[in-house]
Amino acid sequence: MTDGQADRWDELYRGQGRQWRGVTDISGLGIAHGSRVLEVGCGNGKTLAALKEAGIRAVGVDFSMEAVNACRRLLPDADVVCGDLLSLPFGDGSFDCVILFHVLENVSADDMDTAVSEIRRVLRSGGKAYVRSFALGDMRSEKGERISEDTVIRGNGIRYRYYSEDSLSSAFGCAYADSIRTVTESTRFGTVRSRVEAVFTFP
C-alpha cells in the first residue's frame, strides 16, 4: 500500500485528527479475554479503545503516521506503531487474532495475496482474522472515478475497493471461512450502506 495512499490518509488526518467517533462494538466477536490481538488500520483508535476496555492485549498498526499520532492522543498508553500491511513489523506467530475493519478497501487487487500472506504470517496456527469491508452496492461505491469494476478513487485521492462475499472468500482462499455475510442498512436519505463481514481461521 505504498503507492501514495498513506500520504492521502495523512492529509485526511491533518485536516481532522479524529475522523471516526464513538467506540466500536466488539461484543459479538467472541475474542477471549487476554488474547493478543493486532488491529491493522487502527486509525484514531476507535476499535483499539474497545479492545483495551475488554481486557484484550491489543496492538495497533497504521500506515498513516498522522493516524498513529491521533491514536496516541486518544490512547496515550496504547501500543501502536506505524507500519504497512504488506510488510508488518511483527514476528511470525505473534498474535491470536488480527482485526481488519475497513482496511482491505484500500488494498489493490495486485497486493491482496501479499496482504493475506502477511496476515497469515503474524498469526499463530489456528489464529483468526476478523474482516469488515464495504460491499458492492454500498452507496459510496458510485462516488469517485471508477478505475475497475470494483474500485473507485474518491475526490481526495483515496482508493476504495468494494467486495462481494465471493471475492472476499477468494482473497482468503488459504483460510477457512467460519462465517461470512453481507450486512445492508438503509439510511434516512434513501441510500444503502452495505458491508461484508467475515471471520477466517488460518491453519
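1. Let's begin with a word we will need: two residues are in contact when heavy atoms of theirs lie within 4.5 Å. Please keep in mind as you read that this is a predicted model.

2. Now find R154, in the loop that runs between strand 7 (151-153) and strand 8 (159-161). Which residues does R154 touch, once its neighbours within four places in sequence are set aside? They are R140, K143, G144, Y160 and Y162.

3. One of these partners deserves a second look. The side chains of Y162 and R154 are joined by a polar contact of 3.2 Å.

4. Is R154 buried or exposed? R154 is buried, and yet it has no salt bridge. The nearest side chain of opposite charge belongs to D138, 5.8 Å away.

5. Next, turn to the second largest pocket, which holds about 250 Å³ of space. Its lining is made up of 14 residues, and those closest to the centre are G28, L29, R132, R181 and E197. Three strands each supply at least two lining residues: strand 5 (123-134), strand 9 (176-186) and strand 10 (192-201).

6. Finally, look at S87, in the loop between strand 3 (79-82) and strand 4 (95-101). S87 has a relative accessible area of 53%, so it counts as exposed; the cut-off for that word is over 50%. For a sense of distance, S87 and D110 are 23 residues apart along the chain, and 15 Å separates their C-alpha atoms.

Methods:
Residues numbered from 1 in each chain as written. Predicted model: local features only at pLDDT ≥ 70, side-chain atom pairs only at ≥ 80, totals over all residues. Heavy atoms only, no water. Helix = DSSP H or I, 4+ residues; strand = E, 2+ residues; numbered from the N terminus. Buried < 20%, exposed > 50% of the residue type's maximum accessible area, 1.4 Å probe, protein only. Lys, Arg positive; Asp, Glu negative; His and termini not counted. Salt bridge = Lys/Arg side-chain N within 4 Å of Asp/Glu carboxyl O. Polar contact = N/O pair within 3.5 Å; in protein donor to acceptor, adjacent residues only side chain to side chain. 1 Å grid on protein atoms, 1.4 Å probe; cavity = no way out; pocket = protein on both sides within 12 Å on 5 of 7 lines; lining within 4 Å. Points joined across faces, edges and corners; volume = space filled by probe spheres on them.
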